Amino acid sequence: MSAPVEVVFERRGAGPALVLLHGIGHHWGAWLPVLDRLAETHDVIAVDLPGFGRSPVPTTGLPADMPGLVAGMVELFAALGLERPHVAGNSLGGAIALELAAAGAVSSATALSPAGFCTPRELRWALTVLTLHRNAARLPEPVLRHLFAAPALRALAMGMILARPNRMALDVALADARALRQARAFRAVARAGRGYAFAGAPTVPVTVAWGTRDRILPYRQAALARTRLPAARHLDLPGCGHVPMHDDPDLVTSVILDTTGVRPA
């Protein structure tokens with residue numbers, strides 16, 4: 001379904017609203033391992049960010065910077081009738097979640113390996129790795145299917161992003177490759193984010209959780225997050241990579257629900 005602001009999303013469950021935001025080159029399907037679990041207690045809206053997944057590039061153009069992305073999310077909340085929803089995000093989505101919290105636009109924020117806490121060199125590394133993955137995703141789909149079907153080859157292809165790539169179903173791996181290949185906003189968002197660093201001061205409950213085996217935004221960046229967000233709850237995600245929802249869905253679900261404060265009856 002589509003919101004009036006031309007953002008595609010998946011909506012499930014009932015309860016306090018919880019918006020889920022993916023990383024650069026990904027799509028709402030990143031949240032599939034935890035979506036139904038979260039929907040047991042929340043009205044969950046998993047979003048395809050503008051220019052990613054099936055969301056079109058806005059007719060007015062892509063936001064030029066993080067404030068523009070945040071303003072677009074606030075506009076989406078209003079279009080959906082959401083008043084200060086909870087939000088959780090991964091990577092780029094984690095940075096947006098923290099910025100929404102700093103703006104007072106949400107009730108809580110969970111950031112999983114968020115952008116905004118790396119050095120310029122580390123950011124170049126992350127974007128280079130993701131760009132290489134995007135180039136590889138342009139291989140013919142029969143080749144990708146063969147690649148992902150073999151555990152050893154899948155580990156080689158996806159080991160930079162996931163710590164446990166063989167837990168991902170074949171069709172999900174293919175869908176992620178398509179999303180990365182077709183990510184129309186990838187280059188523009190990558191360019192816009194080159195100088196970005198999080199510097200806000202949220203006053204709502206915030207959790208920052210980092211995969212200890214993250215090879216895109218390495219775990220050492222969690223130390224800077226602790227310094228910049230001293231009032232937040234900081235957690236390790238043991239054995240998880242950059243997209244922890246696939247590596248340990250039970251743990252990620254628990255982390256998000258502990259932040260929102262809403263648990264199954």
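Predicted model: local features only at pLDDT ≥ 70, side-chain atom pairs only at ≥ 80, totals over all residues.
**Entry 1**

I began with the strands. Seven of them form an open sheet, and I read the order as S1-S3-S2-S4-S5-S6-S7, with mixed pairing. Which strands stand at the edges? They are S1 (9-12) and S7 (233-237); each has a single partner strand, so one side of each is left without a neighbour in the sheet. I also looked up the twist, which averages 15 degrees from one strand to the next.

Next I picked one pair to follow. Strand S5 (residues 108-112) and strand S6 (residues 206-211) run parallel, and four bridges join them. For a landmark on this pair I noted Ala 109, which stands opposite Val 206 in S6.

Then I asked what helix H1 (residues 32-39) touches on the sheet. H1 packs there against S1, strand S2 (17-21) and strand S3 (43-47). The direction of H1 makes about 35 degrees with that of S1.

**Entry 2: helices H5 and H6**

A reminder to myself: two packed helices are described by the angle between their axes and the distance between the axes. For helix H5 (residues 141-149) and helix H6 (residues 151-158), I have an angle of about 105 degrees and axes 5 Å apart. Angles of 65 to 115 degrees count as roughly perpendicular, so H5 is roughly perpendicular to H6.

Which residues meet here? From H5 I listed His 146, Leu 147, Phe 148 and Ala 149; across from them in H6 are Pro 151, Leu 153, Arg 154, Ala 157 and Met 158. Sorted by class, this contact of H5 with H6 has seven nonpolar residues, one polar and one charged.

**Entry 3: the annotated stretch**

I checked the UniProt record, an unreviewed entry, which places the feature "domain: AB hydrolase-1" at residues 18-252. Over residues 18-252 I found the chain to be 43% helix and 13% strand. The end C-alpha atoms of that stretch are 14 Å apart.

**Entry 4: Ala 190**

Is Ala 190 buried or exposed? Its relative accessibility is 10%, and buried means under 20%, so Ala 190 counts as buried.

What is Ala 190 in contact with, leaving aside its neighbours within four places in sequence? I found Ile 24 and Leu 127.

Terms used: Residues numbered from 1 in each chain as written. Heavy atoms only, no water. Pairing = 2+ DSSP bridges. Helix = DSSP H or I, 4+ residues; strand = E, 2+ residues; numbered from the N terminus. Axes fitted to C-alpha atoms, helices over the stretch in contact; angles between N-to-C directions. Contact = heavy atoms within 4.5 Å. Parallel < 35°, antiparallel > 145°, perpendicular 65-115°, else oblique. Nonpolar A, V, L, I, M, F, W, Y, C, P; charged D, E, K, R; others polar. UniProt positions renumbered as here; feature names shortened; annotations may be inferred. Buried < 20%, exposed > 50% of the residue type's maximum accessible area, 1.4 Å probe, protein only.
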